[in-house]
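Me: I've got a fold on my screen and would like to talk it through. Shall we go question by question?

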Amino acid sequence: SFMQPGGQLLTRKKRGPSMRRADRYNQLMKIARQLVAQEGGDALTMTALSELAGVAKPVVYSHFANAGDVIIELLETHFDQLTQAVNAQIAGSDTLEEYVSRLVDASFDFENASDLPIRKITNGFAADERINTAYLRHEEEFVGHWELVLRACGAGEKELEVAAYGISSMVSNTIYSFALKPRQKLARGTTKALLLAMIEAVAPDARKKFKPRELNLELAKAN
């Protein structure tokens, strides 16, 4: 048996009735998230998925080639959903302050509600290089997002890459570290203040130059 978050046991199931392929896939993904949440990425094996789903190993292998593919699928799904959640919130921003506030709140809200602790899978330094590549690709997308934001704020090209990387790292690390902690409210406010300060450090006229509609068009092209 495995302990789920919240103290519920995730137990091995007896062989159950057959499922539609899509339903089986969703079941396996749910079990995979629960395993990672409680035990970390190393606990996610094809044997564990087979036992906990109550199916023979060939059923699991019909969906995934190996455990690494399952983890990569978890990462892809998580980051795609995060991007959608954030984009839906920032779309209506009229000022830089509102944009920053909405982005930070949407990111915290998503991670707070997520049942997949990403840092239990990798922070870009997992043993499986394919997992690192999948993770870092999304990190690069976040950096690219902040490059567009900084351009929209009037930042110079010379500082752009370094500033975008620093901002992206600060935001991601703070959210991952505090999204599930009691001091989350303080973390949100502090992150917003730091983020505005970092933007204005490389783009002093950011609040005047920021044009959310133009930025949203650029983000839509990038996505």
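Me: Let's begin with Glu 76: which residues does Glu 76 touch, not counting residues up to four places away in sequence?
Reply: Keep in mind that this is a predicted model. Glu 76 has its place in helix H4, residues 67–90. Leaving out residues up to four places away in sequence, the ones Glu 76 touches are Ala 134, Arg 137 and His 138.

Me: And is Glu 76 buried or exposed?
Reply: The cut-off for buried is under 20% relative accessible area. Glu 76 has a relative accessible area of 18%, so Glu 76 counts as buried.

Me: What about aromatics: how many aromatic pairs are there, and what kind of pair do Phe 79 and Phe 142 make?
Reply: The count comes to four aromatic pairs. For Phe 79 and Phe 142, the ring centres are 5.7 Å apart and the planes sit at 65°. Planes over 60 degrees apart count as edge-to-face, so the pair of Phe 79 and Phe 142 is edge-to-face.

Me: How many residues apart in sequence are the parts that the Phe 79 and Phe 142 pair ties together?
Reply: Phe 79 belongs to helix H4, while Phe 142 belongs to helix H6, residues 129–152. The pair therefore ties together parts whose separation in sequence is 63 residues.

Me: What are the relative accessible areas of Phe 79 and Phe 142, and which residues form one aromatic cluster?
Reply: Phe 79 is buried, with a relative accessible area of 1%. Phe 142 is buried too, with a relative accessible area of 17%. The aromatic cluster is formed by Phe 79, Tyr 135 and Phe 142.

Me: Moving to helix packing, how do H4 and H5 cross, left-handed or right-handed?
Reply: The axes of H4 and H5 come within 9 Å and cross at roughly 145°. By class, the contact of H4 with H5 divides into eight nonpolar, four polar and two charged residues. As for the hand, H4 passes H5 in a crossing that is right-handed.

Me: How are H5 and H8 oriented to each other?
Reply: The axes of H5 (residues 96–113) and H8 (residues 184–202) come within 10 Å and cross at roughly 140°. Angles over 145 degrees would count as roughly antiparallel. H5 and H8 are therefore oblique.

Me: And how many charged residues are in the contact of H5 with H8?
Reply: H5 passes H8 in a right-handed crossing. Among the residues making the contact are Glu 97, Asp 105 and Asp 109 of H5, along with Arg 188 and Lys 192 of H8. The contact has eight nonpolar and four polar residues, and the charged ones number five.

Me: What about H5 and H7: which residues of H7 make the contact?
Reply: The axes of H5 and H7 (residues 157–178) come within 9 Å and cross at roughly 40°, so H5 and H7 are oblique to each other. The crossing of H5 and H7 is right-handed. From H5 come Ser 107, Phe 108 and Glu 111, and from H7 come Thr 174, Ile 175, Tyr 176 and Phe 178.

Me: How far apart are the C-alpha atoms of Gln 27 and Leu 52?
Reply: Gln 27 lies in helix H1, residues 21–39, and is buried, with a relative accessible area of 13%. Gln 27 and Leu 52 are 25 residues apart along the chain, and their C-alpha atoms are separated by 9.9 Å.

Me: Zooming out, what is the order of elements from the N terminus on?
Reply: The protein chain has ten helices and two strands. Buried residues make up 44% of its 223 residues. From the N terminus on, the elements run β-β-α-α-α-α-α-α-α-α-α-α.

Key
Residues are numbered from 1 along each chain as its sequence is written. This is a predicted model: local features need pLDDT of at least 70, side-chain atom pairs count only at pLDDT 80 or more; totals for chains, interfaces and linings use all residues. Side-chain values use heavy atoms; hydrogens and water are left out. Axes are lines fitted to C-alpha atoms, for helices over the stretch in contact, and angles run from 0 to 180 degrees between N-to-C directions. Helices (H or I, at least four residues) and strands (E, at least two) are DSSP runs, numbered from the N terminus. Angles under 35 degrees count as roughly parallel, over 145 as roughly antiparallel, 65 to 115 as roughly perpendicular and the rest as oblique. A crossing is left-handed if the near helix is turned anticlockwise from the far one by less than a right angle, and right-handed if clockwise. Contact means heavy atoms within 4.5 Å. Ala, Val, Leu, Ile, Met, Phe, Trp, Tyr, Cys and Pro count as nonpolar, Asp, Glu, Lys and Arg as charged, and the others, Gly among them, as polar. Buried means under 20% relative accessible area, exposed over 50%, partly exposed in between (1.4 Å probe, protein chains only). Rings of Phe, Tyr and Trp (its six-membered ring) pair if their centres lie within 6.5 Å; planes under 30 degrees apart count as stacked, over 60 as edge-to-face and the rest as tilted.
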